[in-house]
Every structure is written in structure tokens, then in C-alpha cells.
Amino acid sequence: MSNTTTTHHRICPLCEACCGLEIKVQDHKVISIRGHEADVFSAGYICPKAVALKDLHEDPDRLRSPLIKRNGVHVAVTWDEAFAEIERRLLPIVAAHGRDAVGLVTGNPSAHKIGLLTYFPKLARALGTKNIFSASSVDQVPKQLASGLMFGTWLSIAIPDIARTDLLLVIGANPLASNGSMWTVPDFKGKAKALQARGGKLIVIDPRRTETAAVADAHHFIRPGADVFLLAAMVHTLFAENLVSLGAVKDWVTGVDEVRAAVAAFTPEAVAARCALDADTIRALARQLASTPRAAVYARIGTCTQEYGTLASWLVDVLNVLTGHLDAPGGAMFAKSATFAANTVGASGRGKGIATGRRHARVSGAPEVMGEFPINCIAEEIDTPGEGRMRALITLATNPVLSVPNGPRLAKALDSLDFMVSLDIYLNETTRHADVILPGPSPLEDLHFDVAFPQMSWRNHARYSPPVLPRAADQPEEWENPLRLAAIAQGRGAGVDVSALDDAQFAEEAQRSFGAHADAVIAATQGLHGPLRGLDVALRAGPYGDGFGQNPEGLNLVKLMAANPSGGIDLGELQPRIPESLRTPSGKVELAPPLLIADLPRALADLQGPAPDLVVIGRRDVRTNNSWMHNLPTLAKGPFRCTALVHPTDAARLGLTDGAMAHMENAQGRLEVQVQLSADMMPGVVSLPHGWGHDLPGAQLSVAAQRPGVNLNALLDEKLRDPLSGNAVLSGVGVRMWAVEVHARSPSAAQLSNC
Ligand SMILES: Nc1nc2c(c(=O)[nH]1)N[C@H]1C(S)=C(S)[C@@H](COP(=O)(O)OP(=O)(O)OC[C@H]3O[C@@H](n4cnc5c(=O)[nH]c(N)nc54)[C@H](O)[C@@H]3O)O[C@H]1N2
Ligand SMILES: Nc1nc2c(c(=O)[nH]1)N[C@H]1C(S)=C(S)[C@@H](COP(=O)(O)OP(=O)(O)OC[C@H]3O[C@@H](n4cnc5c(=O)[nH]c(N)nc54)[C@H](O)[C@@H]3O)O[C@H]1N2
Ligand code: SF4
Ligand SMILES: [Mo]
């Protein structure tokens with residue numbers, strides 16, 4: 001043992017802000033985690049979750065070896081035993097029932113791991129199943145569908161140029177708690193303050209006066225699920241008042257007249273009651289957007305997880321285009337990623353665009369979007385009898401029993417599977433159903449490069465971090481497990497030489513992508529393997545790359561690695577990219593995609609839609625991360641966070657009191673929740689966070705189980721979806737609430753008071 005302290009620079013893998021960390025290590029133990037001041041992108045900013053990476057690494061509940069379920073109990077086994085068991089049990093299911101009998105679902109952490117993100121498609125291809133699902137359909141797929149239709153690729157996402165904007169309209173997002181999403185923007189608060197300091201304005205539209213709303217210049221409540229109406233009426237106002245001005249992209253937009261006609265009926269007066277916003281306020285917002293030279297609209301999960309998620313996401317960018325703010329400095333711009341971006345490859349300015357509905361789900365008939373079916377369909381695909389039923393499931397870094405509507409039905413369905421494999425680092429609410437669990441390394445034992453987020457970053461950058469700590473001798477790298485599973489599915493045997501298979505697959509891919517130059521590419525990347533080799537190729541062939549020697553000043557992996565201690569490579573502020581970034585068939589911004597225009601009448605017909613007395617929405621807290629970080633002591637301490645926020649007027653009419661327990665019920669189920677009075681709620685709306693409910697038997701989460709909270713998703717209906725994108729409805733669902741009689745305290749209430 002030595003007392004030498006080493007300093008490491010590591011990008012935080014926990015959320016989309018991608019902050020650079022400085023981690024000090026002594027004797028293989030983390031002694032401190034702070035922000036990396038020199039980081040070219042995040043400049044030292046971090047949130048409390050980064051510090052919990054130490055807890056995560058040291059968590060005794062984190063799995064260090066594979067588990068096999070024997071007689072209902074999970075027991076530790078060797079890696080070879082685990083893969084042999086998978087081969088023994090998976091292949092007969094495929095042989096007897098076909099490839100679609102195996103489902104594959106991936107979750108949020110995969111988006112942060114190059115090993116999982118770039119090897120998941122290999123596993124999906126090898127399985128050859130149409131039953132692919134991901135957390136995208138409880139999240140952002142509406143935004144991706146709308147952007148794909150307008151701009152031509154699934155990740156051509158226009159983000160606010162916050163460094164230069166003077167008006168930022170934030171709808172259904174709370175970046176002060178979430179640190180941003182579909183927009184990589186560490187220290188949103190600091191950037192918003194700078195915006196205000198230069199005279200700019202931040203406006204928030206949200207059914208709760210959130211942490212972000214609290215620092216804003218203005219905040220408006222909106223009835224949950226009504227964003228499509230507000231946005232359509234703002235677009236209507238632009239046309240009605242002659243405020244449309246396309247600015248620099250005017251020669252690159254089609255469909256303006258179709259949009260004008262499509263929103264004709266959405267007058268501010270017509271939508272006001274549905275939105276619970278004055279017609280005058282709606283008009284004023286549209287005028288302010290049109291009259292501010294540098295302005296942008298940004299909307300996120302609150303606008304996606306509703307029945308009109310795709311329409312709302314689309315109308316956000318319609319506003320950006322019609323007010324001349326798309327692709328303009330200070331407006332909504334496109335990042336230019338150094339790697340892996342579909343809008344930097346192939347011919348510039350035109351492409352195939354995107355397609356959906358190439359397949360349909362067996363039970364619901366839901367169309368495939370981004371190669372996936374809605375994650376809400378997993379349970380019914382398992383528990384609905386008939387030809388093509390799903391009998392086996394592979395889960396990859398996801399906890400759908402807590403994170404997907406109607407978790408209880410899903411849990412039951414998982415129990416009825418013939419076989420289930422989970423690639424996961426915890427024995428939790430979902431993986432307890434698995435027959436085999438394969439843990440990945442701790443994040444600190446893994447290298448890091450963000451594949452997706454530089455495509456949505458507030459500034460262009462390229463950063464790479466090597467592993468901070470060594471892996472245990474037998475722990476595979478994160479990408480090896482999906483690849484070995486792929487090999488099993490292809491009949492290559494559980495004992496396959498993963499490294500040789502990776503080499504062979506790389507050679508095939510090089511042949512496909514580089515043709516006559518494939519041998520040169522293979523030679524140039526000699527000595528690399530796994531995702532690092534793919535990264536070097538992506539960098540060198542990418543828009544800033546060295547072109548394998550053609551552009552010696554350009555980027556490659558060696559240069560990227562060398563930049564790690566000094567905080568990575570800054571690639572400059574956002575630049576106008578239209579028409580070059582477009583990949584639509586017309587080579588234009590397609591403002592009026594027929595799929596979306598045809599969906600507007602559905603919204604119009606719902607203008608007088610039902611207005612339940614009380615609806616529930618979610619919320620995020622800076623110390624939690626979806627369903628899986630409640631086991632880390634640093635984050636779990638402090639006040640109980642799984643409370644139901646209730647406005648005092650609602651509490652008075654329903655007989656609820658602060659701190660007391662209440663029933664929350666609808667046709668889906670009933671929960672017992674702790675009430676917290678909050679004048680920040682819109683009356684008629686209550687807020688309960690998701691990702692809780694850690695009291696299910698068979699999980700191994702000793703800290704989280706002490707204060708389990710309740711599962712909001714037990715009250716949500718898995719059949720409620722945005723029909724275009726398949727995205728789940730997570731917001732604005734009707735509930736009833738009434739006080740729990742004090743003399744008949746339930747076990748969960750008693751448990752809470754113990755903590
Ligand atoms: N009601 C409601 N429900 C929601 C939401 C909401 O706002 N309201 N939000 C939705 C959103 S946006 C999302 S993204 C989903 C998230 O839902 P999921 O994708 O299911 O993600 P998590 O709940 O974060 O669970 C992550 C899983 O990955 C495992 N894991 C963590 N790190 C690693 C790793 O390094 N390797 C491996 N192999 N496994 C790892 C964890 O143990 C856990 O099982 O939840 C959705 N559910
Ligand atoms: N601390 C923390 N950070 C996270 C996560 C986490 O769990 N914890 N999860 C990560 C993930 S996976 C994601 S996808 C992102 C999400 O990032 P954000 O989109 O910023 O997510 P939220 O903080 O849930 O903010 C959504 C807001 O929408 C509001 N809302 C609800 N319904 C409606 C509606 O109908 N209309 C409007 N206008 N607003 C509505 C809610 O009140 C809430 O304030 O956060 C990421 N970051
Ligand atoms: S905001 Fe927090 S969790 Fe997100 S990347 Fe930064 S430090 Fe990590
Ligand atoms: Mo998410």
C-alpha cells in the first residue's frame with residue numbers, strides 16, 4: 001500500500017449534463033470528488049449526485065458477480081456458469097417459438113455508456129426479434145419523432161443557444177432539478193443568471209412553480225396535458241398578427257401555408273379554458289417571442305409524456321422557425337458533434353429522412369418508432385396468449401417495474417416468463433424476476449465517452465475519460481456482456497472468444513463503411529478494441545477528424561486522450577448549420593409533416609376534453625435519479641422526498657393535512673402517500689415523484705428499503721399513449737385523494753414514521 005494520491009478526470013455518467021469531475025484516489029479508494037475547474041465544457045460545475053459515485057462504487061449491495069436464480073433465490077456464480085445457463089435456456093425458446101419470442105429492453109443508463117449504446121444494436125441484430133423496447137418511450141421519443149420529421153434525423157434536436165439568447169421560454173422542464181434533458185447544459189442556473197444579467201428574460205410554463213420557475217422572470221401555470229393547445233394558439237397568433245418572419249432559414253423551409261391552415265381553429269380564446277391561461281397571455285407570449293431578436297423555445301418531458309406529445313414537440317420548433325429563431329445565434333440551434341451524428345455523415349443537406357411503422361406490435365398494433373415498440377407494451381406482449389407471445393426477456397440497465405406505467409402488471413408478467421436475463425448492477429424491483437443477472441463494472445471502472453449528448457450540447461466539445469479504478473480480474477468490460485449474449489443468440493456458443501468476434505465484426509463493418517479503404521482503417525486502428533476502436537474511427541472520419549491522415553490537424557483518439565487532464569477539447573460555440581445539417585428528402589426544413597398535420601384534428605376534437613377535479617404530475621429532485629439511486633447514503637439522507645405536493649386549497653377541500661397520510665386512487669390502483677402542502681402547486685394538480693416503491697420482496701437494496709416511498713407508476717395506465725410516437729402518458733392523470741384514518745395506520749405509514 002502506498003499513500004500516493006492520484007488525480008483523475010472523469011465525465012459524470014449520471015445525467016445529461018455530462019459534467020467533468022476531478023476524482024482523487026488513494027490506495028484504490030476514492031477520497032474526493034469535485035468539479036473539474038479546467039473542464040472546457042462544464043467549468044467545474046457539479047451537483048450532489050456526482051459525489052455519490054463514491055457511494056455507488058462502494059455500495060455493498062452493488063453486484064460484483066453474476067447471479068443465477070435457483071429455487072427462487074439468487075446465488076452468485078462464475079461468469080462461465082452464467083453464460084452457460086443463458087445458452088442452455090434461451091436457445092430452446094428461440095428454436096420452439098421463433099425469434100420474436102425473445103424481447104429486449106434497454107434503459108436510461110445505457111444512454112450514458114458507450115459500451116452499452118454501441119453494442120446494444122449488435123445484440124438486437126443478433127437476436128433478430130422485432131420486440132425491442134427502451135425507456136425512450138416513457139421519455140423523449142415524441143421530440144425525436146417531431147425533429148426527425150422536420151430535420152431528417154432522429155437526433156437533429158434544436159437546442160437554445162443559451163450563451164447568446166435574450167429570451168428563453170421553458171415549457172415542461174425543470175433544469176434546476178434535472179440538470180437538463182435533450183439539451184446538455186451543465187450549470188443551467190449560472191447560464192440563466194448570465195442571460196438575466198445581460199437584460200434577457202426567462203419564462204417558465206409549468207403546472208408547478210418549480211425551482212426553475214422560482215428563478216425565472218415570469219411563470220405561468222398550465223393545465224397538465226394542454227401544451228399542444230397553448231402552442232397551437234401561439235402559432236395561430238403569429239399568423240393572425242402577421243408576425244411570421246423566417247429569418248435566415250427562409251429559403252430552406254417548406255409547409256408554412258399548410259401550418260397556417262392547420263392551426264386556423266386554435267384561436268387563443270378557443271384554447272384558453274383548456275390551458276387555464278388567458279387568451280391575452282397566450283398572445284403576449286407569441287408577440288414577445290416574435291419581437292425579441294434572440295429568443296428560443298425549449299420544452300421537455302412535461303410536454304412529451306402526454307397524449308399529444310409529438311404534436312407539442314413539433315409546435316415548439318414551428319414557433320422557433322416562424323419567429324426566425326431556428327438556426328440563428330441566440331435562437332434554437334444545432335450542435336455539431338465530433339462523432340456518431342447522422343446529420344454529419346453522408347451527403348450534406350439532403351437525405352432519406354426518417355420512417356416509422358415498418359412493423360406493428362402484436363397486441364396493440366402500435367407502430368414501430370426508431371426501431372422500437374412502446375415500452376408500455378411489454379406486459380401485454382408477455383401476458384396476452386397467442387402466436388408470437390414473448391416468452392423470454394433481456395433487460396439492459398432498466399427498472400421498468402418502477403419506471404413504466406402499471407408496474408404491478410409488468411411484475412406479474414415477468415414472473416410468467418420462461419426465461420429472463422438482466423444486465424444490471426443491482427438486484428432490484430425488476431431484476432429480482434431475472435433467472436440470470438450479469439453486472440456491469442462500476443462507472444469508475446469504466447472508460448467514458450458520450451455518444452449522444454454532444455449532439456445536443458450548449459457548446460461543441462469532445463471529451464474522453466479513461467477508467468479511474470481497475471476492474472476486478474474477472475469482471476468483463478461493459479460491452480463484452482451484450483456481445484457475448486449476441487454470440488449465444490447467433491449459435492456461436494457461450495464459450496466464444498469475444499475479442500476475436502469483436503475483431504471480425506469490426507472488419508465487416510469497416511468493409512461496409514469504407515470499402516476499398518477498409519484495410520487501411522483496420523491497420524490505422526491496430527491495437528484498439530471494443531468501443532474505443534469504434535470511437536477512433538468515428539472521430540477520424542467525423543467533421544473535425546484527421547481523415548486518417550488527410551487532415552493532420554484534425555481529431556483522433558490519441559489527441560482526445562491527451563486532452564483529458566486539461567479538460568477535453570472545446571470545439572467552439574454553436575454555428576448556423578442549415579442547410580448542411582438537413583437530411584430530409586426535400587432538403588428543406590419540413591414544417592408540415594403530413595403525419596403531424598393529420599393528427600391535429602384529434603387535438604381539436606379534444607378541446608372540450610374532460611377536466612378531472614384533481615390530476616397527478618411527477619417531479620424530479622436533484623438528489624434522485626429515476627429509480628435507482630435511492631440506495632446511496634449520501635443521497636438518501638435528508639427529508640423524505642416521495643411526498644405528494646398538494647395546494648392548500650385542495651387540501652382544505654379534501655380534508656388533507658401537512659405531513660399526514662392520504663389515499664391516492666384511480667381505476668389503476670391505490671397508494672398511501674404522505675401529504676406535503678405546497679402553494680407552488682397549481683390548484684387541482686398534485687405532484688408525486690416517480691421511481692419509488694422499494695418495498696418489493698426479493699430486492700437487495702438495504703438503504704432504499706428503509707424509506708421505500710410509493711410507486712407513482714402503479715396509478716398510471718399503460719394503455720394511455722401518444723399514438724404517433726407510442727410514448728407513455730405520465731402526466732395529468734385523474735386521481736382521488738382522501739385522508740387516511742389516523743386510528744387505522746397502514747404499515748407503510750408506520751414505516752415512514754420510523755425514519
Ligand atoms: N411516472 C413517471 N415515470 C417515469 C418518468 C417520469 O417522469 N414519471 N420518467 C421516465 C424517464 S424520463 C426515464 S429515462 C425512465 C427511466 O427508467 P429506466 O430506464 O428503467 O431507468 P432507471 O429507473 O434509471 O433504472 C436504471 C437501471 O439501470 C441499472 N444501472 C445503473 N447503472 C448501470 C450500469 O452502469 N450498468 C448496468 N448494466 N446497469 C446499470 C440500475 O440498477 C437500474 O436497474 O423512467 C421513466 N419513468
Ligand atoms: N435529479 C434528477 N435529474 C434527472 C433525473 C432524475 O430523476 N433526477 N432524470 C433524468 C431524466 S431520465 C430525464 S428524461 C430528465 C428530464 O428532465 P426535465 O424534462 O427537466 O424533467 P422534470 O424535472 O421532470 O421536469 C418536467 C416538468 O414538467 C412539468 N410538467 C408536468 N406535466 C406537465 C404538462 O402537462 N405541461 C407542462 N408544461 N409541464 C408539465 C413538471 O411539473 C416538471 O416541472 O431529467 C434527468 N435528470
Ligand atoms: S449535473 Fe450532477 S449528475 Fe448530472 S452530470 Fe453533472 S454532476 Fe453528474
Ligand atoms: Mo429520461
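## Aromatic pairs

Rings of Phe, Tyr and Trp, the last taken by its six-membered ring, form a pair if their centres lie within 6.5 Å. In this predicted model, that rule gives a count of ten aromatic pairs.

One of them joins phenylalanine 41 and tryptophan 458, whose ring centres are 6.1 Å apart with 35° between the planes, a tilted arrangement. The two partners come from distant parts of the chain, 417 residues apart. Phenylalanine 41 belongs to the loop between strand S3 (29-35) and helix H1 (48-58), and tryptophan 458 to the loop between strand S18 (448-449) and strand S19 (460-462). Phenylalanine 41 is buried at a relative accessible area of 2%, and tryptophan 458 is buried at 15%.

A further pair is formed by tryptophan 183 and phenylalanine 188, which counts as edge-to-face because the planes stand at 80°, with the centres 5.9 Å apart. Tryptophan 183 is buried, at 0% relative accessibility, as is phenylalanine 188, at 1%. Ring pairs also bring in Tyr298, giving a cluster of Trp183, Phe188 and Tyr298.

## Charges over rings

Tryptophan 458 has a charged neighbour as well: lysine 191 lies over its face, 4.4 Å from the ring centre. In another such contact, the charged end of lysine 122 sits over the ring of tyrosine 119, at 4.7 Å from the centre.

The shell around ligand 3 comprises nine nonpolar residues, one polar and one charged. Among its members are Cys12, Cys15, Cys18, Cys19 and Cys47. Leu14, Ala17, Ile46 and Ala50 also belong to the shell, together with Lys49 and Asn179.

Key: Residues are numbered from 1 along each chain as its sequence is written. Chains are lettered from A and ligands numbered from 1 in the order in which they are written. This is a predicted model: local features need pLDDT of at least 70, side-chain atom pairs count only at pLDDT 80 or more; totals for chains, interfaces and linings use all residues. Side-chain values use heavy atoms; hydrogens and water are left out. A residue is near a molecule or strand if one of its heavy atoms lies within 4 Å of it. Ala, Val, Leu, Ile, Met, Phe, Trp, Tyr, Cys and Pro count as nonpolar, Asp, Glu, Lys and Arg as charged, and the others, Gly among them, as polar. Rings of Phe, Tyr and Trp (its six-membered ring) pair if their centres lie within 6.5 Å; planes under 30 degrees apart count as stacked, over 60 as edge-to-face and the rest as tilted. Helices (H or I, at least four residues) and strands (E, at least two) are DSSP runs, numbered from the N terminus. Buried means under 20% relative accessible area, exposed over 50%, partly exposed in between (1.4 Å probe, protein chains only). A charge sits over a ring if NZ of Lys or CZ of Arg is within 6 Å of the ring centre and within 35 degrees of the ring normal.
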